[in-house]
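Hi everyone, thanks for making time. I'd like to walk you through one structure, so please have a look at it first and then we'll go through it together.

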Amino acid sequence: MVLYVKAAEILDKIENKEGAIKTLVYNSKFQNIKQLYALVCETLKYSKILEEIITSTGLLKQNKLKMNVAKVLVYDLLIGRGVKCGGSWKALIMKHRARLQAALARLKIKRKVSRNEDLLPKASQAQGKQPPRYARVNTLKTSQEDVIDYLKREGYTYLGRASSLAELQQLSGKRFYCDLHLPGLLVFPAKTDLHAHFLYQAGHIILQDKASCLPAFLLNPPAGAHVIDACAAPGNKTSHLAAVLGNRGKLFAFDLDPKRLSTMSTLLLRAGVTCHELANQDFLTLNPEDPKYSQVEYILLDPSCSGSGMVGRMNELTDSPGAVPAQRLQSLAAFQLRCLNHALCFPRLQRLIYSTCSVHEEENEGVVRACLREHRRSFRLVPVLPSWPERGQAPLTQCLRASPGETLTNGFFVAMLERRSPGEQEDELTSDEDVISFPANSDVEAESHDPSPLEAEPAPTASKKKRKKRKKKPKQQQEN
């Protein structure tokens, strides 16, 4: 019964626009977060259909139930895997089961469909199509060949290296490919669940979206290098960096959230990572001149973002597609720019990857343009992965974008910056009018969104009075 109480409470809060779905679910402190999140999302998806069934049967009039409580119960009865509670609620809903099932059948006949999912609007059906299941082979513990052999012995069929994205879309059953872009990344049908599999439990494979594998792959630090993962939790990119390094070198990882850092520590232990040094610290407080970081030549920066690219956020059910308040975007972009500018201050830095799981230009190309406008004498934007089908918005086509429709991944953005060699000519950038300006300060915390269950709240912008007191240079940057 507690499951349905919590789910109904979250649906009430969503209707009142009190927060994002994942934030509300994780703040509920319910024991089985995955179960609660699935129930809330699926009930939202079928909300209008459930409401029509409930209204047509007069369920609320005959019983002391609120609409959202009725929705979660009727969802599990008719569409889910059955009602998961006992007591008065189960007795009540089972009493009306025949009438509810009949109402659903009539609705299908009326709309000339045979499956429950065909009752959904076409937009919801398209959103419901998940990307394939990706599993990165953890080379710190095993090899791709050994993982493939293990899976074959379990009845899986290995189809070799995929030659097109279309092949990945056609996967079904226990068949899998090696990805066409990223080595060591195995691709399974979308509904494949490997969480209980031995290879995952033992840390031999990491369940990680393909787009999320791009930053460490593209940064590509050599064995023995010193690397910073600036906003590291929950740790998938950190473990990937360690695998690229072969556990040789030094990997400094930072995050502000102690709980996420604790979870990350467990993940890295399972993955066999030994070259790391974790710190519960804001990346922005690091001193680039500290001798401890004097050999850092590579930085991966994946700061807090809107998370608008994450498949399953279901923004279209609670607001316009991908909608994020303009104030929040400005606050996030200001914070992201501060992080990027700070990262470029490390004296021996040679290469940096900037990434987000956002679809918004303000957090992506806008941040990169603003940064390069200040640092173009020292750093340049590098074209990456020419075979990748989706590029950054013009003129920054050197960057990568990812999306469910184009790349069969979550929405994502990646840019690579490299230090210029002495005497290297500056690139021509966009005009000042094309550069997006941000507030000069932001209090958004330095935490990763890979993918984070919680989203940072909008940070307040500085008052006009405080802005006037700032030094001349930031003031000029703000006015551009």
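**A walk through the model**

Let's start with the surface: the protein exposes about 22,400 Å², and carbon and sulfur atoms supply 49% of that area. Those areas come from the Shrake-Rupley method with a 1.4 Å probe, and for residues only the protein chains shown count as cover.

A word on what you are looking at: this is a predicted model, where local features need pLDDT of at least 70 and side-chain atom pairs count only at pLDDT 80 or more, while totals for chains, interfaces and linings use all residues. Residues are numbered from 1 along each chain as its sequence is written, and side-chain values use heavy atoms, with hydrogens and water left out.

The protein has 21 helices and 13 strands; these are DSSP runs numbered from the N terminus, helices being H or I with at least four residues and strands being E with at least two. Of the 480 residues, 53% are buried. Buried here means under 20% relative accessible area, exposed means over 50%, and partly exposed is in between, with a 1.4 Å probe and protein chains only. If you take contacts (heavy atoms within 4.5 Å) between residues at least 6 apart in sequence, 70% of them join residues at least 24 apart.

Now, the inside. In soluble globular proteins, nonpolar side chains tend to be buried together. I'll call a nonpolar core a set of buried Ala, Val, Leu, Ile, Met, Phe, Trp, Tyr and Cys residues joined through side-chain atoms within 4.5 Å. The largest one here has 49 residues, and those with the most contacts inside it are Leu 168, Leu 214, Leu 218, Val 227 and Leu 400. Helix H13, residues 210-219, gives the largest share of this core, 6 residues. If you click on Leu 214, you will find that it touches Leu 182, Leu 385, Trp 388, Leu 400 and Val 414, leaving aside residues up to four places away in sequence. There is also a second, separate core of 43 residues, which includes Leu 3, Val 40, Val 69 and Val 74.

Leu 3 takes us to helix H1, residues 2-15. Its 14 residues reach 20 Å from first C-alpha to last, close to the 20 Å expected at 1.5 Å a residue; the expected span is 1.5 Å times one less than the number of residues. Which residues of H1 are buried? They are Leu 3, Tyr 4, Ala 7, Ala 8, Ile 10, Leu 11 and Ile 14. These cover an arc of only 160° around the axis, which puts them on the same side of H1. The arc is taken from the directions from the helix axis to the C-beta atoms.

Next, please find helix H15, residues 258-271. In H15, the buried residues are Arg 260, Leu 261, Met 264, Leu 267, Leu 268 and Ala 271. Down the axis of H15 they fall within an arc of 115°, so they line one face of the helix. The face turned away from them carries the exposed residues Pro 258, Lys 259, Thr 263, Thr 266 and Leu 269. And what covers the buried residues of H15? The cover includes strand E5 (205-207), helix H14 (236-245), strand E7 (250-254) and strand E8 (276-279). At the start of H15, a side-chain oxygen of Asp 257 comes to within 2.9 Å of the backbone nitrogen of Lys 259. After H15 comes Gly 272, with a positive phi near 80°.

Glu 42 counts as partly exposed because its relative accessibility is 24%, while Lys 45 is buried, with a relative accessible area of 17%.

Most residues other than glycine have a negative phi, and most peptide bonds are trans. The bond from Ala 233 to Pro 234 is cis, with omega near 10°, and the one from Ala 394 to Pro 395 is cis too, with omega near 5°. Asn 247 has a positive phi near 60° and sits in the loop between H14 and E7. Leu 408 also has a positive phi, about 60°, and counts as buried at 8% relative accessibility.

Technical notes. A polar contact is a pair of N or O atoms within 3.5 Å; within protein, one must be able to donate a hydrogen and the other to accept it, and residues adjacent in sequence count only if both atoms are side-chain atoms.
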